[in-house]
Amino acid sequence: MSHTTEWKTRTYLFEEDGTTKVRVELDTGTNRLTGHGTARCNPEDKDVPEIGDELATARALEDLAARLKQTAHRDMAAVGAGPRPDSLTPYGVWMDGAEAG
């Protein structure tokens, strides 16, 4: 089965007084998820806004990834592919990279 789709993301960065906040929005066409991240510059460090942008964005993407994975697990459970107590594979044949190895 061939499948092609496009998911859209938007990243919003806000910086004020040495704190960077990021919101990443994912629109899959059928679902919308949002991840958040924050980074603060240590007052003793040189203020380099790009570093705060990178770190806060990475944290927002990690948060978004966790939310997306939770959504996938709920969807799998809804179609009967939930965790199996008698299996080393947590969700049938759908495995994370770490479990595949």
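A salt bridge is a side-chain nitrogen of Lys or Arg within 4 Å of a carboxyl oxygen of Asp or Glu. The exercises below apply this to a predicted model.

**Exercise 1.** Decide why Arg 32 and Asp 27 count as a salt bridge, and state whether each residue is buried or exposed, or in between.

*Solution.* Begin with the distance: the closest N and O atoms of Arg 32 and Asp 27 are 3.4 Å apart. The cut-off is 4 Å, so a pair of an Arg nitrogen and an Asp oxygen at this distance qualifies.

**Exercise 2.** Find which residue forms a salt bridge with Glu 25, and over which ring the charged end of Arg 23 sits.

*Solution.* The partner of Glu 25 is Arg 23, and their closest N and O atoms are 2.8 Å apart. Glu 25 is partly exposed at 26% relative accessibility, and Arg 23 is partly exposed at 27%. The charged end of Arg 23 also sits over the ring of Tyr 12, 4.5 Å from the centre of that ring.

**Exercise 3.** Work out where in the structure Asp 63 and Arg 67 lie, and how many residues apart they are.

*Solution.* Both residues belong to helix α1, which covers residues 49-78, and they are four residues apart, about one turn of the helix. Asp 63 and Arg 67 form a salt bridge whose closest N and O atoms are 3.0 Å apart. Asp 63 is partly exposed at 22%, and Arg 67 is partly exposed at 36%.

**Exercise 4.** State how many salt bridges a search of the whole structure finds, and how many aromatic pairs the structure holds.

*Solution.* The search finds three salt bridges, while the number of aromatic pairs is zero.

Key: Residues are numbered from 1 along each chain as its sequence is written. This is a predicted model: local features need pLDDT of at least 70, side-chain atom pairs count only at pLDDT 80 or more; totals for chains, interfaces and linings use all residues. Side-chain values use heavy atoms; hydrogens and water are left out. Rings of Phe, Tyr and Trp (its six-membered ring) pair if their centres lie within 6.5 Å; planes under 30 degrees apart count as stacked, over 60 as edge-to-face and the rest as tilted. A charge sits over a ring if NZ of Lys or CZ of Arg is within 6 Å of the ring centre and within 35 degrees of the ring normal. Buried means under 20% relative accessible area, exposed over 50%, partly exposed in between (1.4 Å probe, protein chains only). Helices (H or I, at least four residues) and strands (E, at least two) are DSSP runs, numbered from the N terminus.
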